[in-house]
Amino acid sequence: MRPFFAVGLVFAGCCSNVIFLELLARKHPGCGNIVTFAQFLFIAVEGFLFEADLGRKQPAIPIRYYAVMVTMFFTVSVVNNYALNLNIAMPLHMIFRSGSLIANMVLGIIILKKRYSIFKYTSIALVSVGIFICTFMSAKQVTSQSSLSENDGFQAFAWWLLGIGALTFALLMSARMGIFQETLYKQFGKHSKEALFYNHALPLPGFIFLASDIYDHAVLFNKSELYQVPVVGVAVPIMWFYLLMNIITQTRSLCGTGWAPCLSSLGPSCTQRCGTAWEPQKASLGRRTRRTEASVVRATVRQGHFR
């Protein structure tokens, strides 16, 4: 039941998270920075309280390794959200980011010298065809919905191409970060909750450079229409409600990935879109579990408790 619960939690969390993200982006397309900051701040505070034990717990993985990972993670998050400003529609944004499997396979072959079965190559080819079709149709939609001026149409298409380039860069950077995290787990052991905390806490000072944009959108959020929150009965600006629900669903999907660390064998990155890493340790974990069970049985027999 545990894998089904994890899959359900990830599926429900990620899907509902995207719904609230689209509601935010539809009203204010440039709100990516405040959404990213709010998510990072919430997860960092939660990790500081429950994982880092108010700073008293020493990290199992040296901070210098987290600094490298955080640089990549912060870049991926900001670039992904900024792509929404570049004529990238939310459905294309979601589908394009699902190409993480492709990026993981390509970089796994190049960097880790991995080889995969023909079924995995076929699956990746089918996913690639689907992403290409969606991207092609999105390009046609951008040109058809632009202004009557040919110059405006070309400018809109150029911004769209820049958005595709940003998504491609973030995709490859995310896959590279996953490979880096995989090597850290092999060297220092699995510490996914710790990595989740430091990946969100260490980049917070970087948001100083985005402070003006975050403040401007906070003002816009305050000016949105009021919404009566069910059950609680409190009226809040609806954009803040959308942001809160986006953060909550993001956190639940991250919890789901913590329950299901071994659902993907293609690579270590979760739909990084959810922010943590799949840990491809299933085989070694199974061997350790079997060895532990055998040791317990032998000890029980020696103690005379096994009839």
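Visitor: What do the side chains of Glu22 and Arg26 do?
Guide: They meet in a salt bridge, 3.5 Å from N to O. Bear in mind that this is a predicted model.

Visitor: Where do Glu22 and Arg26 lie?
Guide: Both belong to helix α1 (residues 2–27), four residues apart, or about one turn of the helix.

Visitor: Is Arg26 buried or exposed?
Guide: Arg26 is exposed, at 61% relative accessible area. Glu22 has 27%, so it counts as partly exposed.

Visitor: How many salt bridges does the count come to?
Guide: Five. Another one of them pairs Glu51 with Lys57, where the closest N and O atoms are 3.0 Å apart. Glu51 counts as buried because its relative accessibility is 19%, and the cut-off for buried is under 20%. Lys57, at 42%, is partly exposed.

Visitor: Which residue forms a salt bridge with Lys114?
Guide: Glu182, with 3.4 Å between the closest N and O atoms. That pair links distant parts of the chain: Lys114 is in the loop between α5 (100–111) and α6, while Glu182 is in helix α7, 68 residues apart. Lys114 is partly exposed at 22% relative accessible area, and Glu182 is buried at 4%. Shared partners also bring in Lys186, so that salt bridges join Lys114, Glu182 and Lys186 into one network.

Visitor: Switching to the surface, which residues make the nonpolar patch of about 570 Å²?
Guide: Leu41, Val45, Phe48, Leu49, Phe50 and Leu54 make that patch. Leu41 is in helix α2 (residues 32–50) and is partly exposed at 36% relative accessibility.

Visitor: Which residues of α2 are buried, then?
Guide: The buried ones include Ile34, Val35, Phe40, Ile43, Ala44 and Gly47.

Visitor: How does the span of α2 work out?
Guide: It agrees with expectation: at 1.5 Å a residue, the 19 residues should span 27 Å, and the end C-alpha atoms are 27 Å apart.

Visitor: Why is α8 largely enclosed by the rest of the structure?
Guide: Because eight of its 10 residues (192–201) are buried. Among them are Glu194, Phe197, Tyr198 and His200.

Visitor: Zooming out, how many helices and strands are there in the chain?
Guide: There are 11 helices and two strands. From the N terminus, the order is α-α-α-α-α-α-α-α-α-β-β-α-α.

Visitor: What share of the residues is buried?
Guide: Buried residues are 43% of the 307. The accessible surface is about 17,000 Å², and 68% of that belongs to carbon and sulfur atoms. As for contacts between residues at least 6 apart in sequence, 73% join residues at least 24 apart.

Key
Residues are numbered from 1 along each chain as its sequence is written. This is a predicted model: local features need pLDDT of at least 70, side-chain atom pairs count only at pLDDT 80 or more; totals for chains, interfaces and linings use all residues. Side-chain values use heavy atoms; hydrogens and water are left out. Patches are made of residues with over 30% relative accessible area and no salt bridge: like charges are joined within 9 Å, nonpolar side chains (Val, Leu, Ile, Met, Phe, Trp, Tyr) within 5 Å. Accessible areas come from the Shrake-Rupley method with a 1.4 Å probe; for residues, only the protein chains shown count as cover. A salt bridge is a side-chain nitrogen of Lys or Arg within 4 Å of a carboxyl oxygen of Asp or Glu. Buried means under 20% relative accessible area, exposed over 50%, partly exposed in between (1.4 Å probe, protein chains only). Contact means heavy atoms within 4.5 Å. The expected span of a helix is 1.5 Å times one less than its number of residues.
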